[in-house]
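Try each task before you read its solution.

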Amino acid sequence: MKGTDPALLPDADDIRRAADLLRAGELVGMPTETVYGLAADALNVDAVGKIFSAKGRPADHPLIVHLPDAAHLTRWARAIPKEAIALANAFWPGPLTLILKREEGVPDAVTGGQDTVGLRVPDHPVALALLRAFDSGIAAPSANRFGRISPTTAAHVREELGDKVALVLDGGPCQVGIESTILDLSRGTPVILRPGAISADDIARVIGRRPATRTAHAEEGAAAAESNQPRVSGSLAAHYAPRTPLQLIPAARLVEEAATLAGEGSRVAVLARTCPDPRDARLIWRNAPADPAGFAHELYASLRELDACGADFIVVEALPETPDWQAIADRLGRAAVGSGDGEAAPDEHDET
């Protein structure tokens, strides 16, 4: 992982303490390159139960298991296809989760009762140090209340979960900033169930065939079961959501629409990508990076900042409809659907 100063990271004593807490069945805030995870021993059913309680998350939703390295795959999965090995060698550590047939002994609490399990090796020095010290799988959904904006700093975790977490390891801001790509390899045909930083083209270059994407009819509830696809994170419409109503507006109308809302007496926060700040005192204006990687890196921190500024509306410049923006557009679209109700929005699960 780039951009993290080793001198500022937790030291060996912090890592040992975190590993001991995990062995004792406690929860630990763990940085990854995607978002911060709410970590627990994936083989300890009681500890996994604390994840669901702390997040306010339905207990039948699956969790992704984080591994120290690819050599641990056979402890958690069976009938592992050659494509999974090739992808693990190519992208681990990194933001790719593989859905595989679960090995005997993997708890139902982790898999949501399914015959599959999601596995990945995170690309963050603190996460890897903790995983190696713990020497087993760590279940770690995003360390936020269920359905809300994912955390990308240790402060976000502390603000949201407080004393529900025994320890938060501060690994600095998350480098990628959005959750991992989820690829199902459990049904023969590779299928991307959630877009992320690892694209379909990236995957195709390794395995020699382009993965399918989750079918539109599988986006909602029971339809996913009908399509024979595993339940995974991001499968319902509402997620990653601020409490402030959020609208996506094309760049050509962004300033006009924001000014109209402000003219009606509303406080309006704007997240722009290409539109310059009009210097309208009625608007709380933030400019995000214009490139996909930079935008993703800052997305959740920007949404949290704007959600906390007391605005009546958040207006976000709509993104280009191109493959390099697909994963970010997915997160913003779901954030818009789930925004504004003041309560956590339901989803299949939140993951790193």
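Predicted model: local features only at pLDDT ≥ 70, side-chain atom pairs only at ≥ 80, totals over all residues.

**Exercise 1.** Work out whether Ser136 is buried or exposed, and find what surrounds Ser136.

Solution. Start with the location: Ser136 sits in the loop that links helix H6 (125–134) to strand S6 (138–139). Next, check the accessibility. Buried means under 20% relative accessible area. Ser136 comes in at 15%, so Ser136 counts as buried. Finally, look for neighbours, skipping residues up to four places away in sequence: Ser136 touches Leu43, His66, Pro68, His72, Trp76 and Leu131.

**Exercise 2.** Find the buried residues of H6 and say what they pack against.

Solution. First pick out the buried residues of H6, which are Val126, Ala127, Leu128, Leu130, Leu131 and Phe134. Then follow their contacts: they pack against H1, S6 and the strands S1 (28–30), S2 (37–41) and S3 (64–66). Last, step past the end of the helix, where Asp135 follows H6 with a positive phi, near 60°.

**Exercise 3.** Sort the residues of strand S5 (residues 116–120) by the way they point, then find the partners of Leu119.

Solution. Begin with burial: five of the five residues of S5 are buried. Then go to the neighbouring strands. S3 pairs with S5 in the parallel sense over three bridges, and Val65 has Leu119 as its bridge partner in S5. S4 (residues 96–101) runs antiparallel to S5, joined by four bridges, and there Leu98 stands opposite Leu119.

**Exercise 4.** Place Asp11 in the chain and find a polar contact of its side chain.

Solution. Asp11 lies in the segment before helix H1 (12–23). With a relative accessible area of 41%, Asp11 is partly exposed. A polar atom of the Asp11 side chain lies 3.1 Å from the backbone nitrogen of Asp13.

**Exercise 5.** Describe the largest pocket and find the element that gives the most to its lining.

Solution. Take the volume to start: about 640 Å³. The lining has 30 residues, with Pro195, Gly196, Pro323, Gln326 and Ala327 nearest the centre. By type, the lining divides into 15 nonpolar, seven polar and eight charged residues. As for elements, H12 gives the most, with five residues.

Key: Residues numbered from 1 in each chain as written. Heavy atoms only, no water. Helix = DSSP H or I, 4+ residues; strand = E, 2+ residues; numbered from the N terminus. Buried < 20%, exposed > 50% of the residue type's maximum accessible area, 1.4 Å probe, protein only. Contact = heavy atoms within 4.5 Å. Polar contact = N/O pair within 3.5 Å; in protein donor to acceptor, adjacent residues only side chain to side chain. 1 Å grid on protein atoms, 1.4 Å probe; cavity = no way out; pocket = protein on both sides within 12 Å on 5 of 7 lines; lining within 4 Å. Points joined across faces, edges and corners; volume = space filled by probe spheres on them. Nonpolar A, V, L, I, M, F, W, Y, C, P; charged D, E, K, R; others polar. Pairing = 2+ DSSP bridges.
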